[in-house]
Amino acid sequence: MNAAVITFSEKGYGLGERLVSYFGQSGDTATLTRCKQGGLEEWTKEHFPDDALIFVGSCGIAVRAIAPFLKSKTSDPAVVVIDELAAFVLPLLSGHIGGANNLAVRLAHFLGAIPIITTATDIHGIFAIDTWAVKRGLKIANSECIKRVSAHLLAGEVIRINSIFPVTGQLPKGIALCENDCDVLITCCTRGREDALKLVPPIVTLGVGCRKDTAAEAIERAFELTLQKAGCHPLAVARVCSIDLKAREPGILEFCRRHALPYKTFSAQELMAVPGVYDASSFVKQVTGADNVCERSAVLGSGEGGRLLTGKIAGNGVTMALAIAPYTVSFAD
């Protein structure tokens, strides 16, 4: 976790130093700032991309500071407020998805304070689908549906989950598996009931091959076409892979930057060692040393048990393929 702590007085700064020490001991990182006159807006803007913002002061100051920067339930950071006496710790924003509730409980335990949790599912001891999804690394495709699912659970109703992946563990109270007419859909596909809460595991690897100096825009178009043909949700894509000859290909690097995707390359020897039958090209092998770059790099990048989701799709000097890693939905503690 990358946290930023801001204080407004000498006493608050002392508490901030304790917090920074705590984060360091926990293996996290934290910065500490004592706010200068007129510097709150600049500090908030600078640190809003961090994982967590911690205000040692009043809730009013924190609310006014973060208000101009709020974007969405799925992207806003955890925001926690602590009073200067360290009596109370209040998660103000992103209690579930951003982890503010859990962070508040951790900090309260460290400080000997009282955590003030206000989210309905938590105070009633009800299963929180968004908290569970984040813990399992699932991406939330339509966060606007979380409220409806939580409302049904709070009303004592049963939520039906349809997963295209195997499911293990004891199902929480109020949760049942189904095959049709679901409230929650766990999938990598774009198809499915539109009003269901869609949770997407990022387990797909994009393999890319291209001509030298192919523009990022051409790679973007190829990516859209590949997703469309495969029926794959973009949130499912976790990484991009290719051959090491393309390690510094500007178009691919820019594409990865735009989508915040890690990029990994392999040698021709590594690619040729990947088991399976692929759409081989003698020309590609003559140029690169591997008879297929996109399919082989996608499968290799998916790790053990990875398999092609869609084979080579070519056009305008770009080849792409998608591979999916094995995945199991776990409800285990």
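User: Which residue of strand 15 is the bridge partner of isoleucine 243?

Analyst: This is a predicted model, in which local features need pLDDT of at least 70, side-chain atom pairs count only at pLDDT 80 or more, and totals for chains, interfaces and linings use all residues. Residues are numbered from 1 along each chain as its sequence is written, and side-chain values use heavy atoms, without hydrogens and water. Strand 14 (residues 237-243) pairs with strand 15 in the parallel sense over four bridges; strands are DSSP runs of E with at least two residues, helices are runs of H or I with at least four, both numbered from the N terminus, and pairing requires at least two DSSP bridges between two strands. In strand 15, the partner of isoleucine 243 is phenylalanine 266.

User: Which strands stand at the edges of the open sheet of five strands?

Analyst: The pairing in this sheet is mixed, and the order is 15-14-13-17-16.

User: What angle does the direction of helix 12 make with that of strand 13?

Analyst: Helix 12 (residues 294-301) packs on the sheet and touches strands 13, 14, 15, 16 and 17, where contact means heavy atoms within 4.5 Å. Axes are lines fitted to C-alpha atoms, for helices over the stretch in contact, and angles between N-to-C directions run from 0 to 180 degrees. For helix 12 and strand 13 the angle is about 150°.

User: How many residues apart in sequence are the parts tied together by aspartate 28 and arginine 106?

Analyst: These two residues form a salt bridge, with the closest N and O atoms 3.4 Å apart; the term means a side-chain nitrogen of Lys or Arg within 4 Å of a carboxyl oxygen of Asp or Glu. Aspartate 28 lies in the loop between helix 1 (10-25) and strand 2 (29-34), and arginine 106 in helix 4 (residues 100-111), so the parts they tie together are separated in sequence by 78 residues.

User: Is aspartate 28 buried or exposed?

Analyst: Buried means under 20% relative accessible area, exposed over 50%, and partly exposed in between (1.4 Å probe, protein chains only). Aspartate 28 has 16% relative accessibility, so it counts as buried.
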